[in-house]
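Take a look at the protein chain shown here. This report walks through its strands, a loop and a pocket.

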Amino acid sequence: MTGNSTLAAALDIAQEVNNNGMKCGVSINPSTPVEDILPLLESGLVDMVDVLAVEPGFGGQSFQDSALLKLRKLREWRA
């Protein structure tokens with residue numbers, strides 16, 4: 001996510017999902033810093049984070065170790 005308008009839109013969507021009795025998740029690709037989704041997580045509206053270990057849409061990629069660092073950051077944030 002970049003910019004306040006994108007974050008505001010994501011928060012609105014997450015709120016709508018929750019208002020309709022569903023759980024909400026967010027995915028981040030390897031180029032997205034964990035810090036970009038912290039406002040969503042802090043809102044309490046997101047139930048799951050999917051950390052992608054490869055860029056979507058391109059076959060044959062190697063696992064990107066940055067995904068493990070993101071998982072560690074998310075685990076620390078949750079604690």
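What follows is a short tour of a predicted model.

**Two strands**

Start with β1, which spans residues 25–28. This strand pairs with β2. The two run parallel, and four bridges join them. Val26 and Ile28 form the covered face. Gly25 and Ser27 form the uncovered face.

Next comes the loop between β1 and α2, where α2 covers residues 38–42. Threonine 32 is found in this loop. Is threonine 32 buried or exposed? Its relative accessible area is 13%, which is under the 20% cut-off, so threonine 32 counts as buried. The side chain of threonine 32 also makes a polar contact with the side chain of asparagine 29, at 2.9 Å.

Glutamate 35 sits in this loop too. Its relative accessibility is 42%, between the cut-offs of 20% and 50%, so glutamate 35 counts as partly exposed.

| Residue | Relative accessible area | Class |
|---|---|---|
| Threonine 32 | 13% | buried |
| Glutamate 35 | 42% | partly exposed |
| Lysine 73 | 41% | partly exposed |

**A salt bridge**

Side chains of opposite charge can pair when their charged atoms come close. How many salt bridges does the structure hold? The structure holds one. The side chains of glutamate 35 and lysine 73 meet in it, at 3.4 Å from N to O. This pair links distant parts of the chain. Glutamate 35 lies in the loop between β1 and α2, while lysine 73 lies in helix α3, 38 residues apart.

**The largest pocket**

Now turn to empty space. Rolling a probe the size of a water molecule over the atoms shows where such space is left. The largest pocket has a volume of about 300 Å³. Which elements supply at least two residues each of its lining? They are β2 (48–51) and α3 (66–78). The largest share, five residues, comes from α3.

The lining includes Met48, Val49 and Val51. Leu71, Leu74, Arg75, Trp77 and Arg78 are also among the lining residues. By class, the lining has eight nonpolar residues, three charged ones and no polar ones.

How values were computed
Residues numbered from 1 in each chain as written. Predicted model: local features only at pLDDT ≥ 70, side-chain atom pairs only at ≥ 80, totals over all residues. Heavy atoms only, no water. 1 Å grid on protein atoms, 1.4 Å probe; cavity = no way out; pocket = protein on both sides within 12 Å on 5 of 7 lines; lining within 4 Å. Points joined across faces, edges and corners; volume = space filled by probe spheres on them. Nonpolar A, V, L, I, M, F, W, Y, C, P; charged D, E, K, R; others polar. Buried < 20%, exposed > 50% of the residue type's maximum accessible area, 1.4 Å probe, protein only. Polar contact = N/O pair within 3.5 Å; in protein donor to acceptor, adjacent residues only side chain to side chain. Salt bridge = Lys/Arg side-chain N within 4 Å of Asp/Glu carboxyl O. Pairing = 2+ DSSP bridges.
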